[in-house]
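This report describes a structure in plain terms.

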Amino acid sequence: MGIESHLGIITTSLDKVVNWARKNSLWPMTFGLACCALEMMVAASARHDIARFGAEVFRGSPRQSDLLIVPGTLTKKMAPYVIKLYNQMPEPKWVIAYGACACSGGLFNTYNVVQGVDKIIPVDVYVAGCPPKPEALLRAIVMLRAKIEKESLKDRV
Amino acid sequence: MEQIELMNILRNSGYNIDVFEGIDCVTCLVKKEDLYDFMKFLKTDEKLKFNMIVDVTAVDYPEDRPRFEIVYHVYSIDNNIRLRIKLKVEENDSLESVTSLWKGAEWLEREVFDMFGITFNNHPDLRRILMNEDFKYYPLRKDFPLQGIEES
């Protein structure tokens, strides 16, 4: 790539271009379940500046989002709605389980809490912590970007 | 209004109740049949004016008969005084709802129904409030396991 740049063209694979575009505009959904959501909001503030990774546009609708951050305790009553939101998101879509509760149920090993978001929807990145610091979310996004780079259009429409 | 004055009014009210000074406020034990009339008296009495319901909840004593104790907390804004009303009910008993007196009791009674399975007569909308609709158990009963029952 790049040897033809003096001609004004570059040759590369479609995967690379598409993945480059996808990883630099990961729009998350405005969605929060519990206290972890506050850390997620802080990540969007000026101090942590999630915009550095192209993920600052928190969309109000699942139909416009690429990334579902599940921040907080997922109760069994909320679970059907999270599935609905996930299904409303257009492909390609990714999921970050943010915090101990979203990863595994965390401290709430009880009758009313889903023991991990991965019980109901596929998860790409897990973030440990109770709650994880905003930096942990940034790291998760960096990891997700690395994951997207390796993806192929053949696998994901 | 002082606690002594409140206790005197309650003792002379003519209801079959047991009034005593609790840890933090005046407490009275009532009979299940008298509940609604007594609550109506508390709300409408010119002197007392208990115009706010603070809490409706229940306690499970699995070894006792009757098993459950229902606890009402009411507050008089005019007199700045609180009162606790307690009564014992059995598992399959149903109580008279006080929603027609205090609108705020509606969700509190739904919560008691959801968590303990105690039903209320003449309640406008007695559904589960916290658990999902197809949940079959009453999770705040002492015999319900913390981690739930499988397939639920």
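## Contact between the chains

Six residues of chain B are in contact with six residues of chain A (contact: C-beta atoms, placed from the backbone, within 7 Å). On the chain B side, three of these residues are nonpolar, three polar and none charged (Ala, Val, Leu, Ile, Met, Phe, Trp, Tyr, Cys and Pro count as nonpolar; Asp, Glu, Lys and Arg as charged; the others, Gly among them, as polar).

The model is predicted: local features need pLDDT of at least 70 and side-chain atom pairs pLDDT 80 or more, while totals for chains, interfaces and linings use all residues. Residues are numbered from 1 along each chain as its sequence is written, and chains are lettered from A and ligands numbered from 1 in the order in which they are written.

## The sheet of chain B

In chain B, five strands form an open sheet with mixed pairing, in the order E1-E2-E5-E4-E3 (strands are DSSP runs of at least two E residues, helices of at least four H or I, numbered from the N terminus; two strands pair if DSSP finds at least two bridges between them). E1 (18-21) and E3 (52-60) of chain B are at the edges with a single partner strand each, so one side of each has no neighbour in the sheet.

E1(B) runs antiparallel to E2 (residues 26-29) of chain B, joined by four bridges. Glu21(B) lies opposite Val26(B) of E2(B).

## Two helices of chain A

The axes of H1 (residues 14-23) and H5 (residues 134-149) of chain A come within 9 Å and cross at roughly 160 degrees (axes are lines fitted to C-alpha atoms, for helices over the stretch in contact; angles run from 0 to 180 degrees between N-to-C directions). H1(A) and H5(A) are therefore roughly antiparallel (angles over 145 degrees).

How values were computed: Angles under 35 degrees count as roughly parallel, over 145 as roughly antiparallel, 65 to 115 as roughly perpendicular and the rest as oblique. Two residues are in contact if their C-beta atoms, placed from the backbone, lie within 7 Å.
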